[in-house]
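Dear colleague,

Please find below the structure that I am handing over to you. My notes on it come after the display.

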Amino acid sequence: MSSTSRPALWTATFTALVISNLGVFLVFYMLASTVSGWAMTSLHTGSSTAGFIGTIYFLGAVVARLTAGRVSALVGERAVVLGSLLVLLVGCLAHPFVDTVGPLLVLRFVHGFAYGTAATGVTGVALSRAPVQRTGEASGWISFGMALATGLGPFVGVRLEHAAGETAVFWACTGCAVVALGAAFVAARDLRPRVARRGPQVEMLPRAGVPISLVVASCALGFGTMLTFVNPFGAAVGLSSASGFYFLVYALVICLSRPIAGVIQDRTRDTLLVAPCLVVAALGMIATSTAHGPVRLLLGAALLGLGYGTIVPVDQTVAVHRVGLDRATSAVAGYFCIVDGATGVGPFVLGSLVGPLGYRGAIGTGALLTLLGLASVPLLDRRTRAAAQ
């Protein structure tokens, strides 16, 4: 297919939504890496309470994922995207003024709900506006913000906190939220104010997207464990310095691989990359769990980025195609509800193995769970082809 016959992807609306998505995830990752520590030092909470402060944000995001598709159908894309981004901005501004645990828990739940709604709404709208021939490429680019923020957010947040204090982090997050909201206003004229007054009921978890979501969930269990335990693992094996760069390497590889993978997906078949990504992600976990030096540890980060970082947007595209572009927001919401749920459960389930097996054994178990996802790929491939026909 010649480049002249390919429909345009980088419209003003799509570009604005990519920028908005980057701002949303920078807010998420900067706060995720600093708020619990801030609560312990400034509000004098215990470690368990600080952990719950992080958990309740995630809970708010999962609730938002479950309801975003239905709310979008009810009130329209414009209200969902702009409204959630406005709440995200106000939440950033409110953090410095909270001085007790109770109000902070309420704020974190509401902020998590706003983040989950904004991330789902922006992604769903962007994919629904992309040409169907370039959905995979669009998914790679809209996920680019999440990938960049995975490495950049914690890196900037922690260093800004050390250099200038938590208030500086909150102001930086406020700036990112302003950029996200401003970019969304650029795209607002292309957002539907309301889909329909009365129409078919929107499923919270569209059934057509569940199988591919479960495949990614097998990998997300291990990835969530990596998010939680890479730094403690690095400290335990004498690789603290290298582990501090783990997710920067991860993010760099994703930034290079995701757009390319999207083009490959668009030009071949939806599920071609699923099995290779699962294998490479498992190899990344194995390399990490067996690392005794910085080279192998960072090689594990690169392989994890190439495998898991690629499979997330690839399978998001599969889910959207199975559910339908006209229901992209619902497809994205259901997909990430399952994937985020597995990411959150992973540290709890596999973390319980750290005592008997050590960090290496727990991470290695994550690799085995990832490889188990390969068993369902042939069936998934046949069902996807049948749906396409």
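This is a predicted model: local features need pLDDT of at least 70, side-chain atom pairs count only at pLDDT 80 or more; totals for chains, interfaces and linings use all residues.

Residues are numbered from 1 along each chain as its sequence is written, and side-chain values use heavy atoms, with hydrogens and water left out.

Overall architecture

The chain has 16 helices and zero strands; helices (H or I, at least four residues) and strands (E, at least two) are DSSP runs, numbered from the N terminus. With a radius of gyration of 20 Å, close to the 21 Å that the globule rule gives for 389 residues, the chain is as compact as a globular protein of that length. The radius is taken over C-alpha atoms, and the rule is 2.2 Å times the number of residues to the power 0.38. Along the principal axes, the C-alpha atoms fill a box of roughly 55 × 45 × 35 Å.

Of the 389 residues, 54% count as buried. Here buried means under 20% relative accessible area, exposed over 50%, and partly exposed in between (1.4 Å probe, protein chains only). The accessible surface of the chain is about 15,700 Å², and carbon and sulfur atoms hold 69% of that surface; the areas come from the Shrake-Rupley method with a 1.4 Å probe, and for residues only the protein chains shown count as cover.

Among contacts in the chain with a separation of 6 or more, 85% are between residues 24 or more positions apart, where contact means heavy atoms within 4.5 Å. As for charge, the mean positions of the 24 positive and 13 negative charges are 6 Å apart. Lys and Arg count as positive and Asp and Glu as negative, without His and the chain ends; each charge is placed at NZ of Lys, CZ of Arg, CG of Asp or CD of Glu.

Aromatic pairs

The structure holds 15 aromatic pairs. Rings of Phe, Tyr and Trp (its six-membered ring) pair if their centres lie within 6.5 Å; planes under 30 degrees apart count as stacked, over 60 as edge-to-face and the rest as tilted. One of the pairs joins W10 and W141, edge-to-face at 5.4 Å centre to centre with 70 degrees between the planes. Since W10 lies in the segment before α1 (12-32) and W141 in helix α6 (residues 135-142), this pair ties together parts that are 131 residues apart in sequence. W10 is partly exposed at 41% relative accessibility, and W141 is partly exposed at 24%.

Y246 and F247 have ring centres 5.2 Å apart and planes at 70 degrees, so this pair is edge-to-face. Both Y246 and F247 are buried.

Individual residues

V98 is in the loop between α4 (77-94) and α5 (101-129), and it is buried, with a relative accessible area of 13%. Beyond its neighbours within four places in sequence, V98 is in contact with W38, L43, P103, L104 and L107. V98 and L43 are 55 residues apart in sequence, with their C-alpha atoms 9.2 Å apart.

T174, in helix α8 (residues 166-187), is buried at 7% relative accessibility. Leaving aside neighbours within four places in sequence, T174 is in contact with L89, C92 and L93. T174 and R207 are 33 residues apart in sequence and 37 Å apart in space, C-alpha to C-alpha.

D326 sits in the loop between α13 (294-323) and α14 (328-351) and is exposed, with a relative accessible area of 66%. The C-alpha atoms of D326 and V156, 170 residues apart along the chain, are separated by 37 Å. I286, in helix α12 (residues 274-289), is partly exposed at 36% relative accessibility. I286 and L105 are 181 residues apart along the chain, and their C-alpha atoms are separated by 36 Å.

With kind regards
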